[in-house]
Amino acid sequence: MKPIKINRVGLGLAIVAVVFLMVAQNSFAGEKQADPEAENQRILVAQSTDDEDDVNDPLETVNRAIFQFNEFFQAVLLNPVAELYNQNLPAVFRTGVRNFLVNLATPVTVANQILQGEPEQALLSVGKFMTNTVVGIGGIADVSRELGHPVKTEDFGQTLGVWGVNEGFYLVLPIFGPSNPRDAIGKFVVDPYFDATGNWIS
């Protein structure tokens, strides 16, 4: 096999893109929060576990440690950067960034729709991608949504679910938060092969 060479510039761009995506997602989530009290209640509910959760959390000690790290990382970096992002960039720009990133990930959705046995949905996704890319200036404008056809996203974790694979045990990922083995494999092992940004690393 030909050894994989990592282009430093490409790797740097990929890392910047990942951080930018996390900041953008964090800022969008912040815009949707109702009030601090409601958010605190949500966190308490998320942290509470019953007997069933305990059985499905064999990595509880590790998960708690990663959760604490994520809280620290978010408080020190993501929240301040997201706050600057929201305060200094207009809503129309932030919406354009979100639309662009969703449009860029269309190959992931199309591939998984095919794997899920939904070729018609895959064709619709391709049509939406072409519409948003051409008419929406690279996907900055979500033209398909304006026409009454919102973009539907799919990932390999959902595909495995369609195939009958269980989620597995509870898993907290560094930076990315709560997940499970099925979704983690889909997100970090399989879906990147369909992601256009994967071409930045060669």
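1. Helix H4 bends by about 45° at glutamine 74. The bend is the angle between axes fitted to the seven residues ending there and the seven starting there. This is a predicted model: local features need pLDDT of at least 70, side-chain atom pairs count only at pLDDT 80 or more, and totals for chains, interfaces and linings use all residues. Residues are numbered from 1 along each chain as its sequence is written, and side-chain values use heavy atoms, with hydrogens and water left out.

2. H4 covers residues 60–88, 29 residues in total. Its first and last C-alpha atoms lie 39 Å apart, close to the 42 Å expected at 1.5 Å a residue. The expected span is 1.5 Å times one less than the number of residues. Helices (H or I, at least four residues) and strands (E, at least two) are DSSP runs, numbered from the N terminus.

3. Which residues of H4 are buried? They are Asn63, Ile66, Asn70, Phe73, Leu78, Ala82 and Tyr85. Buried means under 20% relative accessible area, exposed over 50%, and partly exposed in between (1.4 Å probe, protein chains only).

4. There are 3 aromatic pairs in the structure. In one of them, the rings of phenylalanine 69 and phenylalanine 73 have centres 6.0 Å apart and planes at 25°, so the pair is stacked. Rings of Phe, Tyr and Trp (its six-membered ring) pair if their centres lie within 6.5 Å; planes under 30 degrees apart count as stacked, over 60 as edge-to-face and the rest as tilted. Both residues sit in H4, 4 residues apart, about one turn of the helix. Phenylalanine 69 is partly exposed, at 39% relative accessibility.

5. Phenylalanine 176 and phenylalanine 188 form an edge-to-face pair, with ring centres 5.0 Å apart and planes at 70°. Phenylalanine 176 lies in the loop between strand S1 (171–173) and strand S2 (177–179), and phenylalanine 188 in helix H10 (residues 181–190), so the pair ties together parts 12 residues apart in sequence. Phenylalanine 176 is partly exposed at 37%. Phenylalanine 188 is partly exposed at 39%.

6. The second largest pocket holds about 240 Å³ of space. Its lining has 13 residues; Arg98, Asn99, Val102, Asp142 and Arg145 lie nearest the centre. On a 1 Å grid over the protein atoms alone, a pocket is an open set of points where a 1.4 Å probe fits, with protein on both sides within 12 Å along at least five of seven lines; lining residues have an atom within 4 Å of a point. Volume is the space filled by probe spheres set on the points. H5 gives the most to this lining, with 5 residues.
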